[in-house]
Amino acid sequence: MGCCSGRCTLIFLCSIQLTVALERQVFDFLGYQWAPILVNFFHIIIVILGLFGTIQYRPRYIVVYIVWTALWVTWNVFIICFYLDVGGLTKESDLLTFNISAHHSWWSERGPGCVRREMTQPRVGTVDSQSYISVMGCLMEYQYIEVLHSGTQILIALLGFVYACYVISAITEEEDSFDFVGGFDPFPLYHVNEKPSHLLLKPMYLST
């Protein structure tokens, strides 16, 4: 019963992880954040693998999920430090785009309440003009939105890690107990050796 409830909880957590990861992948695509896009892709694959292992009683797949969960938590801690400018990191750098482009988080211009205005400034003495984007009125700065996303990922991943370890231990105990009573033994402990009995049939004569 305990293993069943643990498996159901882990399946539910993996489903939530998939939903949140897909949502995050969409916004990272819109912001051209190539490093998060790549990591999110691997995360989605491993979560599907862990979900399959949980449903099909495949402990090795769940172990892969556990190892990746630890790496996923580390990655999200890095993202939090990146957007909060911790440890020499700065959110203004192009690190997440592999220095290919100068794009930043999609939320930096389209967050809740943000008003985006594109303004043009003509250059003096030339016909060329330079445009820039002004963002005002945001209810929450984009870096805190990214931190909130990563914090949610960490919370769900930690719960998934705990329940995955529990499911692994429960499955292992079930396999050990089943093997102990001879479930995997081709010659069970309680094997009755039946010896053929040779009966001598003798004719019976009825005396009158």
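Student: Which residue follows H2, and what is its phi like?
Tutor: Tyr57 comes after H2, and its phi is positive, near 55°. Bear in mind that this is a predicted model.

Student: And H2 itself, how many residues does it have and how far does it reach?
Tutor: H2 covers residues 34–55, which is 22 residues. From its first C-alpha to its last, the helix reaches 32 Å, close to the 32 Å expected at 1.5 Å a residue.

Student: What does UniProt list as "transmembrane region"?
Tutor: The unreviewed UniProt entry gives residues 37–55, 62–86 and 154–172 under that name.

Student: What is the helix content of 62–86 in the model?
Tutor: Residues 62–86 are 88% helix and 0% strand, with the end C-alpha atoms 33 Å apart.

Student: How far apart are the ends of 154–172?
Tutor: The end C-alpha atoms of 154–172 are separated by 27 Å, and the chain there is 100% helix and 0% strand.

Student: Zooming out, how many helices and strands are there?
Tutor: The protein chain has 5 helices and 2 strands. Their order along the sequence is α-α-α-α-β-β-α.

Student: New topic. What share of the residues is buried?
Tutor: Of the 208 residues in the protein chain, 34% are buried.

Student: Last one: what percentage of contacts join residues at least 24 apart?
Tutor: That figure is 62%, counted among contacts between residues at least 6 apart in sequence.

How values were computed. Residues are numbered from 1 along each chain as its sequence is written. This is a predicted model: local features need pLDDT of at least 70, side-chain atom pairs count only at pLDDT 80 or more; totals for chains, interfaces and linings use all residues. Side-chain values use heavy atoms; hydrogens and water are left out. Helices (H or I, at least four residues) and strands (E, at least two) are DSSP runs, numbered from the N terminus. Buried means under 20% relative accessible area, exposed over 50%, partly exposed in between (1.4 Å probe, protein chains only). Contact means heavy atoms within 4.5 Å. The expected span of a helix is 1.5 Å times one less than its number of residues. UniProt positions are given in the numbering used here, feature names are shortened, and annotations may be inferred rather than shown by experiment.
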